[in-house]
Amino acid sequence: MKFIKRLLRDSFERDIVILMIVSIFVGSMLASSVSLTANAYFSKTLANIVGDYGEFDLIISVREEMKDDAVIQIQKIIDDAFPGAKLKEGPTLTGKTSFFVALPDQYKTKKIYEDLGKTFGSIPGGAGIGFMTEPRITVRGVPDGAKNMLMDNIAQMEGVRFAFRDGGSIGVLLTSLDKATAVNSAVQHLLKQYQVIEISFPVGSEPSNPIRLGETIADDMRQELKLNFAQNVSIDGKNDDMTYAVSTMMELRRFLGAYASEVTVTPAQGIVLHKGDQAIFQGAASDVPSAGQAVVQGNVVVEITEIGADGKGRGVITHGDAGQLMASAGYRLEKNLIGEPIGTVSYRNPRRELGNALNETSKLVAQIPGFAQDARNISNIGLGVLDNYNSGMAAIEKTLGDVQSAGNIIQTSTAGLADIDTSSLQSQIDSSSRAMGGLIGTLEVLKLVQADTGGPLESLSLTQRNLNNLKSTLAALDSAAANARKARLAIDQVVASANSTMGTLRAFDSNGARSSLTDTNNRLDELSKINVPLVTTQLGYMAAAAPNLKDEDISHTVQILDKFIAGQVIPGERIQILTTSNINTNAVAPIIFRQVGHENVALYSTALGVIEPNARGELYRVLGEVKAILAGLTAIVVTAVFLVFDHTAVMSVMRRRRKVGVVKKTGYLAALKRFVTGLAVAEKKYGMAVGAIMLTAMFIFAGGGIPYLPWIGVPVLGAFIGLVIAGACEKISPVAAEEVVAGEALGMSFDEIMREIVIPASRPGLFQKLNIRKMKFR
Amino acid sequence: MLTINNLSKRFGKVVAVNGMSLRVGRGETIVLMGPSGCGKSTTIRMINRLIEPDAGRIIFAGHDIISLGDEALRHTRKRIGFVFQQFNLIGRLTALENVMLGLVMGGMVKEAAYEKALSAMEKVGLVKFRDQKPSELSGGQQQRVGIARALAFEPELMLWDEPTASLDPMLVREVLVVMEELAKYRASTMLVVTHELPFALHVADRIVLMDKGQVVEEGIPAKVFVKPASDIGQRYKELIEYQMNTSALTLAGQRIA
């Protein structure tokens, strides 16, 4: 607060603040001037050599001795293709003369840039074309197959004019220089989102079709690892037709290889086979091969391509066909002459096997119509059965219902019988019958007495007979009730059993079965439409054709295919998969090992690309850095100079005031205390504060920058400079203590002493100049 | 005019002034004497607080100097002239500007300060050297400029800190003459620290002898140097006698060798 108040007054503190402001301004101007002057000098020098930044777009280098012809041709091309373009001859270095071309803006397009190689292709002198258009950044190391994707993404970024193929790199033209940092960051960010997983195959383990293998691995990575992005970028995706052609050729080669006869040569006793050895067999020739003779028509020649662990050689027939291998004895063939016996041969002819298989298949195909008709008949029968089944089920269900009803009726009918006490009734009938019998006996006795009792006696006898009949009937009734109950029980059991059976029958999905049969019928209909004769003919043709492919034809064709494929830029020893960066090679390895079929591969993860500042841009960037360094160094020097010339006097006064009356204590404790508190003394705090403020401000205003010195280090460095100078302030700018004391004795204030005595007597500097206006005795 | 009570000052373990007391009357010329390191200069510098005392009181014109704030202290210092042993002139200023400096800084307009400074220069006989830088003047002349600078304020109290100690013996006289003149007219009260015995004998109203930071004896020169009560006084007496004898013998042509 006190300090603020003093600042507001016409105080020495305010003088210091003003001094610092002026110092910072002067220092910044000085640092800026030095750095700008140096930068301007270097830039001008550079511009004299290669033109100003962005002045030219192309650099065309031609052999020095051809430059006269070249310049005419270049000018002609420019006039024809890029009217308005500017041509300038540049320096000649190491036998190459450079020509700079500045293109009108309308010609700065992706297509034109990518076609410039062709456009200037007719320049004599082995012209090489480079791009100089600025502002531009270059991304190198991008796999060919990833370039389109990357260019598409970059082209959508703000600040990007377009991206184009620049040889093996991607050039990115920016709309303006101030977008460079943002685009650079965005491209860096984009590159970091991806990685390229490289699968390297050792010699001998290369995949037969790296394109197909790469695609398969990428597919598996997407599906199994749930990756959003995985793509085989081993080859250049810009030329898809050729890619597919080469892929097809690879497949064709693999196909032919698969149907080439597999020849195995078992070496004779004492013979060691080597890869590349050739063996000759009699084949269809009339004579057995003999040493010293040349190969004749009909001989079969086998080239050993692989030696097994058992010493047997496996190879391909390069002359003749496996079908001609009658005698198994073979001879070494060297320099086209027959040599020593080499061993015996055995072979497997996949083409013949294929032919046989095709013949068998054609026979099978011929049976298809019959099979189809039979199947349809069976199917129709099945449908009929299903119909019967349904009606049968309905009848059974109805019968079961009737039976159950009958059972119920029987139960109802016999329920009354069951309640009758037939035994009591029978007993009463018996009693009545016996009583009647006694009566009848009586009457018969009476009849003897009285003949007219004959009528009643007959009537009574009839009644007794009726009673006996009734008794019999009751007995029968009893039996009937029992039978009715049995019948009911039987009916119930029948119904229960039938219901169980019906439940099982009902579980059968007759509708589903019907639907299946219907579908089957439909398919059988389709089957019947097959042009069986045509298929049979084709199969027969293939069966006849496959064996006709001779082994020597195959081996020669494979050689031609190999030569063509080798001419394409398809590295068989390496597959590159572009994927997101959130997966590591360990996670991908199982998929790769599985698809490759072995683990004899090396996996690497590499960046999708690297931003490569173009040489010119780099040069200007370095110049910018030099400018910043010069500004920074100048700021450091100026800060030190200002501290020495302007502030040491102030620091000396502070030190003197601090030291007045203080007796230096001795002993290690006092020394330790001095060391610990040494930084906190007034003049050092002042020096550090002024140094830090001035240097930081000058760095900011002059655009200073020192490599490896972070921004936080700038004030620290300034403080350090201030500290060092403060430590030597009295040596640098000794204060005439007696003059200060005289001033104090005269009643002068601190401000007056500083302005009239100390500063005028100090080192000549800015402070002295500024102080003059405050002095009363100038 | 000036009363000092129990004034003390230590520099670390060294006791420079140890409870010193002194009274100085207006117009009085006091000569402070004693062996080197006895605390004379420290005492005289504490009076205008060029050195801050540790304890005690210094009453000047009714005010305790020790308790004064910065502003009041600076005002008081303008009332107390101080003549340094090393002259303490401002090297970049001319003799006249040195004399004017205090006046102008005190708020006086330059023209008035010029007249006053010139008058002070006249008193010390240096008008013709007014435009010379201190480095162009002899030691005696520089000290006379220093005296003129102190006189220009017309101070109520003049403090002299061994004004001739740094001077060539041949130049001492010109300074002592000026001092004697000032004392004679009693323009201001003077407190003089010096080893100049003749000056003390001739000019001092009182001699104050100090030893080990304390006043050991004080009195008029005739008392202190003729009948000293202290060892220091006795030694000064012996010194005076020795100087007088050797001077007399020398003047009589009776040198020892």
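I will go through the interface between chain A and chain B first, and then some strands in each chain.

Please keep in mind that this is a predicted model, in which local features need pLDDT of at least 70 and side-chain atom pairs count only at pLDDT 80 or more, while totals for chains, interfaces and linings use all residues. Residues are numbered from 1 along each chain as its sequence is written, chains are lettered from A in the order in which they are written, and side-chain values use heavy atoms, with hydrogens and water left out.

Let me start with the interface. Taking contact as heavy atoms within 4.5 Å, chain A contributes 20 residues and chain B contributes 26 residues. The buried area, meaning the accessible area (1.4 Å probe) that two parts lose on being put together, summed over both, is about 2100 Å², and carbon and sulfur atoms give 67% of it. On the chain A side, the residues that lose the most area to chain B are A:Ala745, A:Leu746 and A:Phe777, which together make up 34% of what that side buries.

What salt bridge does the rule find across this interface? If we require a side-chain nitrogen of Lys or Arg within 4 Å of a carboxyl oxygen of Asp or Glu, there is one, and in it B:Arg92 is paired with A:Glu756, with the closest N and O atoms 3.1 Å apart. Two helices of chain A, α23 (737-745) and α24 (750-761), each supply at least two residues of the side that touches chain B, and the largest share, six residues, comes from α23(A); helices here are DSSP runs of H or I, at least four residues, and strands are runs of E, at least two.

Turning to chain B, we find an open sheet of six strands in the order β6-β7-β8-β3-β9-β10, with mixed pairing, where two strands pair if DSSP finds at least two bridges between them. Its edge strands are β6 (80-83) and β10 (214-219), each of which pairs on one side only. Strand β6(B) runs parallel to β7 (157-161) of chain B and is joined to it by four bridges, and B:Phe82 has B:Leu159 as its bridge partner in β7(B).

Finally, in chain A, strand β12 (300-307) runs antiparallel to β11 (278-281), with four bridges between them, and A:Ile280 has A:Val301 as its bridge partner. Six bridges join β12(A) to β13 (313-319) of chain A, again antiparallel, and in the hairpin of these two strands, with five residues between them, A:Gly311 takes a positive phi near 85 degrees.
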